[in-house]
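Hi everyone, thanks for making time this morning. Let me bring the model up on the screen, and then we'll walk through it together.

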Amino acid sequence: MEPTRSPMIHQPRTLNELSLLFQRIEKPLLWAGGTYLMSKSEYYPSPSNRQIIDLAEIEELKRINRTDRYIDIGSMVNASSLLSAGKLILPSILKSALGSIIGHITRRQITIGGSVCEPESRVAFSTALSVLDAQAEIRQWEEGRFTATWIPVNRLYDKDGSLLLRNTAFVLTKIRLGLEWGDFQRFVLIDNPIRKPDTAILVAFQATRNQTALTKVRFSASFPKKAFYISPELENQLSLLSFPVHPDRVNSISYEMVHDLTNRHESITEFQAERTRRVFESFLHELNIQTLS
Ligand SMILES: Cc1cc2nc3c(=O)[nH]c(=O)nc-3n(C[C@H](O)[C@H](O)[C@H](O)COP(=O)(O)OP(=O)(O)OC[C@H]3O[C@@H](n4cnc5c(N)ncnc54)[C@H](O)[C@@H]3O)c2cc1C
């Protein structure tokens, strides 16, 4: 058996120092809050030779900036400080997602970058950010330099929820949120996504109500370690509805959604599909009530 050795740990203070480390180290392991990394038995301490880059000293990654068009959230902002600093400026869907993280200690540790870049499973942050049309600033190390690109958060993952960039050298520096949010926003988490991934579901929905119609409809559902569901076709279909929608039609649309969901994602259980259907149906009933009142 290979002996366990402590890996080398680097603590850059600026993005410039970080880029110099990317130049020197092949396949560095980026360390944010460490909750995912520490839960993996093979990561730390481990016989692996991967050198660790701790992002905790880079002040630039801990900033939250608001302009009149958007909010930028540094990747090292943790859930707890985002919730307190962003109380007045964040969309309610993101506040609900942040509030769903169980326990003060975990909330202080989990960073927005670590959640979005966790390689295998989508939970609260990614589900909420994907309906907010959030963009991620990704700096990729290519041909000896960092190139920065903005990628919509919902395009960072494959249909199973795995991070598409997981085998490339990159750092997520910030998340950008526009300031135009729908007036109907819901985030629902059922069951603990870490302890009960086989029954847990996370659902996010937002839309703007425009008299009897919906515009800018966004819907996403995550099933930890199994599936990340987004469907532009479903969003289009919802945009064509005229509210109030007859209860029979609400019911049939919810079954159409589940049909599409289970066709695309065979790994989710019937129980999870039915849970998602009921949550989705409840959003449409709520929209009906709001139209009538
Ligand atoms: C006990 C426990 C409870 C949890 N509870 C919840 C919960 O209630 N709700 C919930 O939504 N989630 C929960 N999680 C999951 C948590 O959101 C993820 O583990 C998330 O990855 C944690 O972020 P972190 O900052 O700790 O990341 P880390 O563990 O430091 O990193 C996660 C991954 O992202 C990479 N990474 C980190 N930052 C960057 C960056 N800036 N650029 C590129 N790559 C980066 C790392 O290399 C690593 O692969 C829980 C996890 C655990 C272990």
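Here's one to start with: does α9 pass α10 in a right-handed or a left-handed crossing? Before I answer, a word on the model. It is a predicted one: local features need pLDDT of at least 70, side-chain atom pairs count only at pLDDT 80 or more, and totals for chains, interfaces and linings use all residues. Residues are numbered from 1 along each chain as its sequence is written.

Now the answer: α9 passes α10 in a right-handed crossing. A crossing is right-handed if the near helix is turned clockwise from the far one by less than a right angle, and left-handed if anticlockwise. Helices here are DSSP runs of H or I with at least four residues, strands are E runs of at least two, and both are numbered from the N terminus.

Helix α9 covers residues 247–264 and helix α10 covers 270–292; they pack at about 140°, with axes 9 Å apart. Axes are lines fitted to C-alpha atoms, for helices over the stretch in contact, and angles run from 0 to 180 degrees between N-to-C directions. That makes α9 oblique to α10, since under 35 degrees is roughly parallel, over 145 roughly antiparallel, 65 to 115 roughly perpendicular, and the rest oblique. Among the contact residues are Val-250 and Leu-261 of α9 and Phe-280 of α10; contact means C-beta atoms, placed from the backbone, within 7 Å.

Next pair: α4 and α7 pack at about 175°, axes 9 Å apart, and are therefore roughly antiparallel to each other. Ile-93, Leu-94 and Ala-97 of α4 take part, and Phe-125 is one of the α7 residues they meet. By class, that contact has 7 nonpolar, 1 polar and no charged residues. Ala, Val, Leu, Ile, Met, Phe, Trp, Tyr, Cys and Pro count as nonpolar, Asp, Glu, Lys and Arg as charged, and the others, Gly among them, as polar.

Stepping back, the protein is divided into domain 1 (9–52), domain 2 (64–178) and domain 3 (185–292), with bounds from an automatic or database assignment. In domain 2, 23 residues are in contact with 21 of domain 3. On the domain 2 side, α7 gives the largest share, 6 residues.

Finally, the ligand: 31 residues surround it, and Gly-33, Tyr-36 and Ala-124 are among the closest. Near means a C-beta atom, placed from the backbone, within 6 Å. Domains 1 and 2 both give residues to that shell, so the ligand lies between them.

Terms used: Contact = placed C-beta atoms within 7 Å.
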